[in-house]
Amino acid sequence: MRLLLGHLGLCLVLAVGAGAQKLPTRDEGLFQMQVREKALFHDSSVIPDGAEINGYLFRDTPKRYYFVVEEDNTPLSVTVTPCDAPLEWRLTLQELPEDASGEASGEPEPLDQQKQQATAEEDEGAELFAYKGNDVESYMATSSPSGLYQLELVSTEKDSSFKVYATTTPESDQPYPELPFDPRVDVTSLGRTTVTLAWKPTPTGSRLRQPVQYCVVVNKEHNFKSLCAVEAKIGGDDAFMVAPKPGLDFSPFDFIHFGFPSENDLGKGRSITSNKALSNKISRSYMAKPKADIQKICIGNKNIFTMADLKPDTQYYFDVFAVNTASNMSTAYVGTFARTKEEAKQKTLELKDGKVTDIFIKRKGSKFLRFAPVSSHQKVMFYVHSCLDTVQIQVRRDGKLVLSQNVEGVRQFQLRGKAKAKYLVRLRGSRKGASMLKLLATTRPNKQPFPSLPEDTRIKAFDKLRTCTSVTVAWLGTQERNKFCVYRREVDDAYGEEHRRREQNQCTGPETRKKSEKVLCKYFHSPNLQKAVTTETIKGLEPGKSYLLDVYVVGHGGHAVKYQSKLVKTRKFC
């Protein structure tokens, strides 16, 4: 006993009388061939036996599907999966007509005429099942009478997509993965940015040896009851553009939805125009949707998974779907939810007026510092020296943001003072790696603790002045008189720019160098910035050797800042 497939099956049943010949049961080889031939299902109101179809409803516009059961005492299963919105659907049974215009001649009535007859008699049909909601719901019967079955669906909230699956062989088909005895998703580990989930495996993979994979979904709004609801949430355009697997989840609507005519419509301008209008209508309602804050990750057959990169102190909803990769049909586990742990409260360091504080920040990390002047003040100065990459500084005065800047090298910021004001400083590190910096806050700015720097802190080497035993270099200064110290270190030929960048910590001073590496120290400045440049010839080098040169500028408070290191090499032959 089988559902009839395509135009021919529906026509034959509605055309034969009570004494007509017995209709054939489903031949599996023929069925698979028919399912692959999509043109057989051009009329989307016919439900094929054993295949899931996709459908679409416009709001408050009912849609009817038909199929025929040939013999009494036939098993029957019908499953409806709402995707975008709750649906109302009901299943009714119409008796097969006693008389048929073909009089068992083998000439079937036109399909449209048969549908009109079924529609006219729908009020007389017996209602077998009715449902309203957004759950995946099924009608199951181990013994069903023969007759014409009608499935009517309507969406009263909004335009919506859905899936329908019907079969007369539910015991052997089993396209949906079976849930385990305990279908719950458990949270086994909870962190600030991670949640680990675990669930019992589906028996479908091991017992029926069907290919199964699990898809994990996380979002901040609610749990989902079907995978197609997830796809609809991610975006209607993406959900419909997924290519259907041959013969298993095909519906002509998948093509009409995007304005593609069916094979029977080619050359018919009226049909193509209506298809374009339908495509435009759906484009307006779907493709304008913003991207949802939702993730779907398919992880193979593992039944434990850690979701990472979550936000601290945030509630998330987690769902797991077992997907039969052969049929592309899925079953939802009982989802769960969890709130990630709060961000660890960072210890706030106290800044002392006029004292330099050394600060280390982990990659992508933050540090908080508090500055509370003990006396009234008209202005506050913040001096920042970023030793490595760029860092961000934010200053709030009594809760109000008064400064937000990125800092590279040495910077100073002056803020207007306020009686009894308290300042909260937040330093945010680099995404590339750990950050190091020095910070000084004061209400009595006299001379700045860090030396002033030119915009360009590179050291230039003059290739034409290079000899076998010496190199000549130059660097820029400022209008402020500072002390400059030059150091050299011999390196091997494998030393390259990557090594030099790794060692480029501007906060390491001359005190970290060996005395033997020191070349000289001198004072230098120029009232005219255009002439604030100095040169130095470094002698006593060996032929054909590579050297790393460093220039340190030392401020009045003794704090030093290193220029960008320079790799030079003496001539091998002179």
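**View 1. S189 faces T196 across a strand pair.** S189 stands opposite T196 in strand 10. Strands here are DSSP runs of E with at least two residues, and helices are runs of H or I with at least four residues, both numbered from the N terminus. Strand 10 covers residues 195-198 and runs antiparallel to strand 9, joined to it by four bridges. Two strands pair if DSSP finds at least two bridges between them. This is a predicted model: local features need pLDDT of at least 70, side-chain atom pairs count only at pLDDT 80 or more, and totals for chains, interfaces and linings use all residues. Residues are numbered from 1 along each chain as its sequence is written, and side-chain values use heavy atoms, with hydrogens and water left out.

View 2. A disulfide is a covalent bond between the sulfur atoms of two cysteines. The cut-off used here is a pair of cysteine sulfur atoms within 2.5 Å. A search of the whole structure finds four disulfides. In the one formed by C83 and C228, the sulfur atoms are 2.0 Å apart. This link is left-handed, with -105° about the S-S bond. C83 sits in the loop between strand 3 (74-82) and strand 4 (87-94), and C228 in helix 6 (residues 227-234), so the pair ties together parts 145 residues apart in sequence. Both C83 and C228 are buried. Buried means under 20% relative accessible area, exposed over 50%, and partly exposed in between (1.4 Å probe, protein chains only).

**View 3. A disulfide joins C215 to C298.** The S to S distance is 2.0 Å. With 90° about the S-S bond, the link of C215 and C298 is right-handed. C215 lies in strand 11 (residues 212-219) and C298 in strand 12 (residues 294-298), so the bond ties together parts that are 83 residues apart in sequence. C215 is buried at 2% relative accessibility. C298 is partly exposed at 37%.

**View 4. C485 and C521 form a disulfide.** Their sulfur atoms are 2.0 Å apart. The torsion about the S-S bond is about 110°, so this disulfide is right-handed.
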